[in-house]
Amino acid sequence: CVPNAVSTTEKAAAFHRSTTIGYGHKSVGDHAQVHFFVENASTVSERDVMSARLMAGTSKSTRYVDFSKVGWHMPDEIYLSTTDFAYNEHCSVLMKDYARIVPMAVDAVRAAFPMTSDWTETKWLGATYKRALDAVRDLLPASVVTSYACTMSATGVREFLDKRDTSGNLEMKDISKKLRSACRSVLPTLLPEESRYVPNNAKLLPVGKKSMFASMGSNVISCDGWATMEKHTGLTPDEFIDRMIQERGHHMPPDRLAELQNFEIEIEIPFSIAREFGRHRMMTQLWGDPTLTAPFCVDKIWMDEELNSKHPKVLATALAHRDALMIARMRMTELKERLHKDAVPYACPLATMVPGVWKASLRELVHIVGLRTTPQAHPMCREFIQSLVHKIERQDPPSGRLLKAVCNFDDIPVGRPN
């Protein structure tokens, strides 16, 4: 119960202006928490929002939700321009292809993985339906509208909005403006009315390749830290790893000393999978934007020769899926010279490859490897992480030995529902 709410608010505002905002004692703002929900925004903006490390977020799943009846975002950069018709036609065809191929994919997955005695009919129908959605989602344009929820402190909100207010992306600017207004209604004394940053329209990590389809890739650039660790602990790398493996056997968390061993990793994966990894708060990530000339990478169920040869429905769906992407590439080529550069990512299907850089400690990689290789993990995430573990082992055998101990290498049939 507050006797004089107006007086209290004024005092709080004066305190925050002088101490929290004015002086820079930001820890006070960590005690105030705000939850916000964004809807009818594109997956391009979702990736930007989810990349904020000072927050926790959850987004609408393209793996388990049918997007056949949702719309797509029209970037302000091309609104009412000579390009908007071609852009809308391109997105419309991608959405129609997705809606057309989803039932084909459902039949294909059920034909390839008939119900067995350890499944109930309800669970089998649900699991095969979701697996089909998962395998077809890469046809969705990155402009497809979605929704997401976030939780962060007042300090995190301020940092987040200050940077997005000056984004070169007009959709992100609009979202940030609306979020600032909404957040100020619950944090009137902690959140300034305007950003303190100047605009920065720099673009990072451009990529472009001539081949239409490609495989995921990674390159371990550097890893260091063993010398520092040995100096302070007296343990050799192998002795340290032996201890960590033994402790994990007793359900102990990875040793904090593992944070001294750091990796810089260049990667190239589909936009759909980049969204999965982008939610990790534990490592530093830098992502490039998809381009109209970058190659596609699709679910292995459509590329597996054995499944395609055994099951006609799988083959028919794989051909329809590939044809849809090939025709999309033709439209993207036509749009290449006409689209505004900031609108380009919105026209790319989620199958489009994007480049990125990870910086992560060994401790962070232990968590990510264990999480992303479980049987429930996305098949493409599992495949990518398993490959990365082998590459780390070749460059840094002690770290590779630990990561192999936590990595799930079980043979899971291609396309099998979870």
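**Cavities and salt bridges: a friendly walk-through**

Modeller: The second largest cavity holds about 50 Å³ of space. This is a predicted model, where local features need pLDDT of at least 70, side-chain atom pairs count only at pLDDT 80 or more, and totals for chains, interfaces and linings use all residues. Residues are numbered from 1 along each chain as its sequence is written, and side-chain values use heavy atoms, without hydrogens and water.

Biologist: What makes this space a cavity?

Modeller: On a 1 Å grid over the protein atoms alone, a 1.4 Å probe fits at its points but cannot get out, so the word is cavity. The volume is the space filled by probe spheres set on the points, which are joined across faces, edges and corners.

Biologist: Why is the contact of Arg 275 and Glu 46 called a salt bridge?

Modeller: The term asks for a side-chain nitrogen of Lys or Arg within 4 Å of a carboxyl oxygen of Asp or Glu. Here N to O is 2.6 Å, so the pair qualifies.

Biologist: How do you know whether Arg 275 is buried or exposed?

Modeller: Buried means under 20% relative accessible area, exposed over 50%, and partly exposed in between (1.4 Å probe, protein chains only). Arg 275 has 3%, so this residue is buried. Glu 46, at 1%, is buried too.

Biologist: And what makes Lys 178 exposed?

Modeller: Its relative accessible area is 55%, so Lys 178 counts as exposed. Its salt-bridge partner is Asp 174, which is partly exposed at 34%.

Notes
1 Å grid on protein atoms, 1.4 Å probe; cavity = no way out; pocket = protein on both sides within 12 Å on 5 of 7 lines; lining within 4 Å.
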